[in-house]
Structure formats: structure tokens, C-alpha cells
Amino acid sequence: METTVKLYSLPYRSVKTYMAASLFALGNIVLPQLFHLMPQGGVTWLPIYFFTLVGAYKYGWKTGLLVAVLSPLVNSALFGMPAATGLPAILLKSVLLALIAGYAASYFKRASFGLLLGVVLAYQAVGTLGEWVMKGDFWLAAQDFRIGIPGILLQVFGGWLFINRVIRK
């Protein structure tokens with residue numbers, strides 16, 4: 001299902017870039033706190049990536065990159081989650097997500113379920129390989145595919161809904 005949606009590619013010298021990135025980073029700070037209220041909420045629902053996907057897809061990779069780096073660092077500093085030992089893998093996946101989502105939005109100029117699924121699977125697959133290299137444990141690196149399927153679905157369907165319905169213009 002596709003709808004007409006306005007997608008942007010904001011430059012770093014635009015105030016709008018930093019305003020959008022701040023709002024999406026705030027979302028990536030609040031949403032994980034809500035999901036961490038339930039047992040295994042973070043690893044199941046992968047909330048730290050949600051607004052990175054939305055921000056990068058809607059406003060471009062530069063906005064997404066700011067959100068991707070800022071969100072995990074602020075969450076870790078303020079709440080200890082993600083733990084400092086998990087930050088490299090989460091930052092890797094967040095940056096990959098921002099770059100892939102920004103590229104897909106720029107190239108395809110639409111936000112469909114299929115495209116968002118492709119973006120999410122791409123960053124997860126490449127990120128899992130990177131995490132495997134970092135940690136030396138494939139089973140641990142594949143955690144998002146083993147436990148995080150609800151989070152992957154949330155990113156695809158919730159991301160589509162947010163991009164196409166909530167912040168459409």
C-alpha cells in the first residue's frame with residue numbers, strides 16, 4: 001500500500017535538520033523507556049531504532065545520522081541502557097539504518113511496506129554481520145532476528161504508519 005508522501009533531504013546547515021533530529025532523538029529516548037517497563041522489552045521491540053528509521057526516511061540520511069548517534073549515547077548516559085558494552089553494535093546498526101533509509105527514500109521517493117521491510121532487513125543483516133565480527137559470537141549477534149521479530153515488524157508497520165499518516169507533509 002502506497003500513498004503520496006513528501007520526503008526531504010535536509011542539509012546540515014539547516015536549522016530544520018537539527019530541530020527534526022532533536023524531536024526524533026527525543027522520541028528515541030522516550031520510546032525505549034516505555035518498552036523497558038516490560039521484561040525483555042528492549043531486545044524484543046528494538047525501540048531505539050524506530051525514530052531513526054522514521055527521521056532518516058522522512059528527512060534524509062543527515063537527519064537520520066544525527067538521531068542514530070545521539071539517541072543511543074544519550075540513553076546510555078542518562079539511563080545506562082544500552083549498556084556501554086552494547087553501544088558499539090547499537091551505534092553500528094543505527095548508523096547503517098540511517099544511511100540505508102535515507103538512501104532508499106531518496107532513490108525510490110516513496111515509503112511502501114516493501115521498501116521499509118527491505119530497509120529494516122538490510123540494516124539488520126549487515127549490522128548482524130558487523131556485530132558478529134565485534135563480539136565473535138554469531139548466536140548473540142543474531143539476537144534481533146531471534147528475539148526482535150516484534151520490533152522488526154514494529155519498525156516496518158509502525159514506520160510506514162508514522163511516515164505516511166502521522167508526519168505525511
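Which residue lies over the face of Tyr8, and at what distance from the ring centre? The residue is Lys16, which is placed 4.8 Å from the centre of the Tyr8 ring; a charge is said to sit over a ring if NZ of Lys or CZ of Arg is within 6 Å of the ring centre and within 35 degrees of the ring normal. A second case involves Arg146, whose charged end sits over the ring of Trp139 at 4.2 Å from its centre.

This is a predicted model, in which local features need pLDDT of at least 70 and side-chain atom pairs count only at pLDDT 80 or more, while totals for chains, interfaces and linings use all residues. Residues are numbered from 1 along each chain as its sequence is written, and side-chain values use heavy atoms, with hydrogens and water left out.

**Aromatic rings**

A pair of aromatic rings is described by the distance of the centres and the angle of the planes. Rings of Phe, Tyr and Trp (for Trp, its six-membered ring) pair if their centres lie within 6.5 Å, and planes under 30 degrees apart count as stacked, over 60 as edge-to-face and the rest as tilted. A search of the whole structure finds 14 aromatic pairs. In one of them, Phe24 and Tyr59 have ring centres 5.9 Å apart and planes at 45°, so this pair is tilted. Phe24 belongs to helix α1 (residues 15-35) and Tyr59 to helix α3 (residues 50-59), so the pair ties together parts that are 35 residues apart in sequence. Helices here are DSSP runs (H or I, at least four residues), as strands are (E, at least two), and they are numbered from the N terminus.

Another pair is formed by Trp132 and Phe138, whose ring centres are 4.9 Å apart and whose planes stand at 65°, so it is edge-to-face.

| Residue | Relative accessible area | Class |
|---|---|---|
| Phe24 | 8% | buried |
| Tyr59 | 12% | buried |
| Trp132 | 40% | partly exposed |
| Phe138 | 42% | partly exposed |

Phe24 and Tyr59 also belong to one aromatic cluster, together with Tyr8, Phe50, Phe51 and Phe162. Phe162 is found in helix α9 and is partly exposed, with a relative accessible area of 21%. Although Phe162 and Phe50 are 112 residues apart along the chain, their C-alpha atoms are separated by 9.9 Å. When neighbours within four places in sequence are left aside, Phe162 is in contact (heavy atoms within 4.5 Å) with Phe24, Phe50, Phe51, Val54 and Ile167.

How many of the ten residues of α3 are buried? Ten of the ten are, so this helix is largely enclosed by the rest of the structure. The buried residues of α3 include Phe50, Phe51, Lys58 and Tyr59, and the buried residues of this helix pack against α1, α4 (61-79), α5 (87-108), α6 (113-135) and α9 (149-166). Just after α3 comes Gly60, which takes a positive phi of about 100°.

Lys58, in helix α3, is buried with a relative accessible area of 0%. Its side chain reaches the backbone oxygen of Ile167 at 2.9 Å, which can be read beside the rule for a polar contact: a pair of N or O atoms within 3.5 Å, where within protein one must be able to donate a hydrogen and the other to accept it, and residues adjacent in sequence count only if both atoms are side-chain atoms. Beyond its neighbours within four places in sequence, Lys58 is in contact with several residues, among them Val5, Tyr8, Ile167 and Arg168.

**Two loop residues**

Ser112 lies in the loop between α5 and α6 and counts as buried, at 8% relative accessibility. A polar atom of the Ser112 side chain lies 3.1 Å from the backbone nitrogen of Leu115. Gln40, by contrast, lies in the loop between α1 and α2 and is exposed, with a relative accessible area of 55%. The C-alpha atoms of Gln40 and Leu87, which are 47 residues apart along the chain, are separated by 17 Å.

Notes. Buried < 20%, exposed > 50% of the residue type's maximum accessible area, 1.4 Å probe, protein only.
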